[in-house]
Amino acid sequence: MSDRDEIWIFGYGSLLWHPGFAFDAREPAIVQGWHRRFSLRSTLTWGSIDAPGIAAALYNGGTCFGAAFRLSAGEEEAGLAYLDQREFGYLRQTVELSLPAGGGLNALTYVRNPDNPDFLMDPPEEEIVKMIRTGVGFKGSSRAYLERTVEALDAMRSGPTDAHTLLDRVKAGDTA
């Protein structure tokens, strides 16, 4: 650790493969007490009004594997401003992370906002799979979002996660 006040960000979805901010360290990390759920209806970035897509959010309970990013020195304010704009539909939350290499740290992350009507509480899995298979927005498809998330998790040697299970369900529909 350095003498400066470090700001760490926990990513669990698109931040894993497209952080979009300056960072000088990245570590695989696990958050306890939160789990990833594909539940944010996207009608702009990963879907459209006619074919909504879906993105991930953190919900209370369970665990989630992701990555901790340390914002680069001197870029903390710009990094947080960027993230607050990018993740505007979520709530910023401080969480405690465990590092598989040992130790832990506190990080900021973005969790489900219960006041945002685009967060689907308990959609049937078939609906989630359909949204992933059909949603395309200005950033790309929901399927690409999920596939890139799984690829990033694999690169960090996460082992099987909820994202892997969901991608298997999406792929199973390819042959149906």
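Angles under 35 degrees count as roughly parallel, over 145 as roughly antiparallel, 65 to 115 as roughly perpendicular and the rest as oblique. I note that this is a predicted model, where local features need pLDDT of at least 70, side-chain atom pairs count only at pLDDT 80 or more, and totals for chains, interfaces and linings use all residues. Residues are numbered from 1 along each chain as its sequence is written, and side-chain values use heavy atoms, with hydrogens and water left out.

Entry one, H2 and H4. I looked up helix H2 (residues 125-134) and helix H4 (residues 162-172), whose axes come within 10 Å and cross at roughly 75°. The axes are lines fitted to C-alpha atoms, for helices over the stretch in contact, and angles run from 0 to 180 degrees between N-to-C directions. H2 and H4 are therefore roughly perpendicular to each other. Helices (H or I, at least four residues) and strands (E, at least two) are DSSP runs, numbered from the N terminus. In contact (heavy atoms within 4.5 Å), I found Glu125, Glu126, Ile128, Val129, Ile132 and Arg133 of H2 with Leu166, Arg169 and Val170 of H4.

Entry two, E1. I checked both faces of strand E1 (residues 8-11): Trp8 and Phe10 on one side, and Ile9 and Gly11 on the other, are all buried. Buried means under 20% relative accessible area, exposed over 50%, partly exposed in between (1.4 Å probe, protein chains only). E1 runs antiparallel to strand E3 (residues 53-71), with 4 bridges joining them. I read alanine 68 in E3 as the bridge partner of phenylalanine 10.

Definitions and conventions. Two strands pair if DSSP finds at least two bridges between them.
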